[in-house]
Amino acid sequence: MDTSPKIAFHSVKALLPTACRKMNAFSSEVLRTRGGRIGSGMGALLEALWGYMMNQALSENGHDLEIAWFANNQYNDFACLEKTASWDEKNRVGELFRIEAKSMNVGADESKAHFDVLHNELHEYDSLLILVWEWKNIDANCFSPQIIDAFFDIAKPIILLRDELHIARGGSFVDADTCPDGCSPNDCLHHGEPLNAAGKRERIGGPEIT
Ligand SMILES: [Zn+2]
């Protein structure tokens, strides 16, 4: 059974190459086009396609796991569920871990920096997926989006590295005891919010005065 977040995480991670192969085979067959536009929204399509292909791979390999796509526009893209469990995304019932997906086209100058989730907002096995892709010639005329590299791992260590870089650049994090909005520490909702070197908030959830 795949009932612990740890085992489920490793099952999904082990099938990453399989899912990417499936994506590339599907893309060569269906997502064929003359040309091949940069900044076309193809990245979002590939992120979604990963969920479908990972589900096929999980099913073919006998796992009782399922990748679910969040209906609303929240931070995470996917949740890994126990296949037969009922799912309540508000309190994570039925979920083993969550996945944030990012895609990057090697030919585009895109920083894709929107990785602004706070350390305390994630659970231990919540993961980050990065798909690196490019338009490849698949015959004399046609191009297809192909995954050329992929990364899948636990997000928390990457967040710690990001936050060290934030501090090295002169940034800071709000402490509830000294919140710029003057909240009482028990009621402060800004604890951990990043402020840049000029003391300005970096997320909409930061202290209003900043
Ligand atoms: Zn506050």
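Predicted model: local features only at pLDDT ≥ 70, side-chain atom pairs only at ≥ 80, totals over all residues.
The expected span of a helix is 1.5 Å times one less than its number of residues.

**Entry 1**

I took α4 as residues 156–168, a helix of 13 residues. From its first C-alpha to its last I read 18 Å, close to the 18 Å expected at 1.5 Å a residue. I then checked how well α4 is covered and found that it hardly is: the count of buried residues among its 13 residues is one. Just after α4, I noted G170 with a positive phi of about 90°.

Next I looked up the domain bounds. The assignment divides the protein into domain 1 (5–155) and domain 2 (169–195). I noted 33 Å between the centres of domain 1 and domain 2, taken over C-alpha atoms.

**Entry 2: the sheet**

I traced the strand order and got an open sheet of six strands, β1-β6-β5-β4-β3-β2, with mixed pairing. The edge strands are β1 (33–34) and β2, and each pairs on one side only. α3 packs on this sheet, where I found it touching β2, β3, β4, β5 and β6. The direction of α3 makes about 160° with that of β2.

I went through some of the pairings one by one.

- β1 and β6 run antiparallel and are joined by two bridges. I found F143 in β6 as the bridge partner of T33.
- β5 and β6 pair in the antiparallel sense over eleven bridges. I noted P145 in β6 as the bridge partner of W135. These two strands, β5 and β6, form a hairpin with four residues between them.
- β4 and β5 pair in the parallel sense over seven bridges. Here I found K102 opposite I130 in β5.

**Entry 3: the core**

Which residues have the most contacts inside the largest nonpolar core? I listed A19, M23, W50, M54 and C80, in a core of 35 residues. I then noted the elements that give two or more residues to this core: α1 (5–14), α2 (16–30), α3 (42–60), β2 (65–69), β3 (78–82), β4 (95–105), β5 (127–137) and β6 (142–154). The largest share of the core, eight residues, comes from α3. In soluble globular proteins, nonpolar side chains tend to be buried together.

Leaving aside neighbours within four places in sequence, A19 is in contact with W50, M53, M54 and A57.

**Entry 4: the loop between β3 and β4**

I looked up R92, which has a positive phi of about 65° although it is not a glycine. R92 has its place in the loop between β3 and β4. Is R92 buried or partly exposed? I count R92 as partly exposed, because it has 13 C-beta neighbours inside 10 Å, and the exposed class needs 12 or fewer.

V93 lies in the loop between β3 and β4. I put V93 down as exposed, because 11 other C-beta atoms lie within 10 Å. Leaving aside neighbours within four places in sequence, I found V93 in contact with W87 and D88. I also took the separation of the C-alpha atoms of V93 and E82, which is 9.9 Å for two residues eleven apart along the chain.

Methods
Residues numbered from 1 in each chain as written. Core = buried A, V, L, I, M, F, W, Y, C linked by C-beta atoms within 7 Å. Buried ≥ 20, exposed ≤ 12 C-beta atoms within 10 Å, placed from the backbone. Contact = placed C-beta atoms within 7 Å. Pairing = 2+ DSSP bridges. Axes fitted to C-alpha atoms, helices over the stretch in contact; angles between N-to-C directions. Domains from an automatic or database assignment.
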